[in-house]
Amino acid sequence: FATPFMNKQFQAKVTVDSTGKVQGTVIDRSTGEEYLLLRSVSPGPFASEVIVGYQQVLKDIAQHCFLDVPFKSPQANRIVKLIAEEFGDRPEHIFQNLPHYAVFREPNSTKWYGLVMDVPADKLTGKKALLLTKSRSSKLKSIRKIARACLSCPASITATT
């Protein structure tokens, strides 16, 4: 993929090889050479503008070419999608050492009403996505409806007090 940026002064070239490795370069269109200041540790003001422009190109590629899939598990992604549709809530990944765990919070109190987590297969008969909820949440009735909708996916939804 190649696209000009910064009033066509530069061209961003991004490639993805067969293993999924992404590489990118910026070409100065006036010289036809790679713009090496892109990788400078202490760029000046102009090089900083080029870096910001290139970063915007990368953000545009990510936005238009990739799907946001917060979890490895299809079950967890279905649960997250249904909660987003029902309540407009997005998962919050707050555990640095557990990137596949996320919480859902009540907007007003910021208290958790749900926890999505992947449980290792050796703890269950197979790896499943779990959504733990608090029964005091005003959203519990709707979450149970989401659970019934997700029965086609072997996810567990457990209410706790």
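This report describes the fold, sheets, cores and salt bridges of a predicted model.

## Overall architecture

The protein has 161 residues, and 34% of them count as buried. It contains 3 helices and 8 strands. Along the sequence these follow the pattern β-β-β-β-α-α-β-β-β-α-β.

The exposed surface comes to about 10700 Å². Carbon and sulfur atoms supply 54% of that area. Among contacts with a separation of 6 or more, 37% join residues 24 or more positions apart.

## The four-stranded sheet

Four strands make an open sheet in the order β1-β2-β3-β4. The pairing is antiparallel. Strands β1 (2–5) and β4 (33–34) lie at the edges, and each pairs on one side only.

Take the β1 and β2 pair. The two strands are antiparallel and share 4 bridges. P4 has Q11 in β2 as its bridge partner. The strands form a hairpin, with 4 residues between them. In that turn, M6 has a positive phi of about 55°.

Next come β2 and β3. Strand β3 covers residues 22–28 and pairs with β2 over 7 bridges, again in the antiparallel sense. V14 stands opposite G24 in β3. Helix α1 packs on this sheet and touches β1, β2 and β3. The direction of α1 makes about 45° with that of β2.

## Two nonpolar cores

The largest nonpolar core has 14 residues. Within it, F5, F10, V26, Y35, L38, V50 and Y54 touch the most other members. Both β2 (10–16) and α1 (45–65) supply at least two residues of this core. The largest share, 6 residues, comes from α1. Nonpolar side chains tend to be buried together in soluble globular proteins.

What does Y35 contact beyond its neighbours within four places in sequence? The list is F10, V26, I27, D28, F46, A47 and V50. F10, V26 and V50 are also named above among the core residues that touch the most other members.

Strands β5 and β6 run antiparallel and are joined by 4 bridges. They form a hairpin with 6 residues between them. T110 sits in the turn and has a positive phi of about 60°. Strand β6 (residues 112–119) is mostly covered, with 7 of its 8 residues buried.

V103 belongs to strand β5. It stands opposite L115 in β6. Is V103 buried or exposed? V103 counts as buried because its relative accessibility is 0%, and the cut-off for buried is under 20%.

Contacts of V103 fall on both sides of it in sequence. Leaving aside neighbours within four places, V103 touches R90, P91, E92, I94 and F95, and also W112, G114 and L115. The C-alpha atoms of V103 and E92 are separated by 5.2 Å, although the two residues are 11 residues apart along the chain.

## Two salt bridges

How many salt bridges does the structure hold? There are 2.

One joins the side chains of R105 and E92, at 2.8 Å from N to O. This pair links distant parts of the chain, 13 residues apart. R105 lies in strand β5 (residues 102–105), while E92 lies in the loop between α2 and β5. R105 is partly exposed, at a relative accessible area of 26%. E92 is also partly exposed, at 33% relative accessibility.

Note on methods
Residues numbered from 1 in each chain as written. Predicted model: local features only at pLDDT ≥ 70, side-chain atom pairs only at ≥ 80, totals over all residues. Heavy atoms only, no water. Salt bridge = Lys/Arg side-chain N within 4 Å of Asp/Glu carboxyl O. Buried < 20%, exposed > 50% of the residue type's maximum accessible area, 1.4 Å probe, protein only. Core = buried A, V, L, I, M, F, W, Y, C linked by side-chain atoms within 4.5 Å. Contact = heavy atoms within 4.5 Å. Pairing = 2+ DSSP bridges. Axes fitted to C-alpha atoms, helices over the stretch in contact; angles between N-to-C directions. Areas by Shrake-Rupley, 256 points an atom, 1.4 Å probe, with all protein chains shown as cover.
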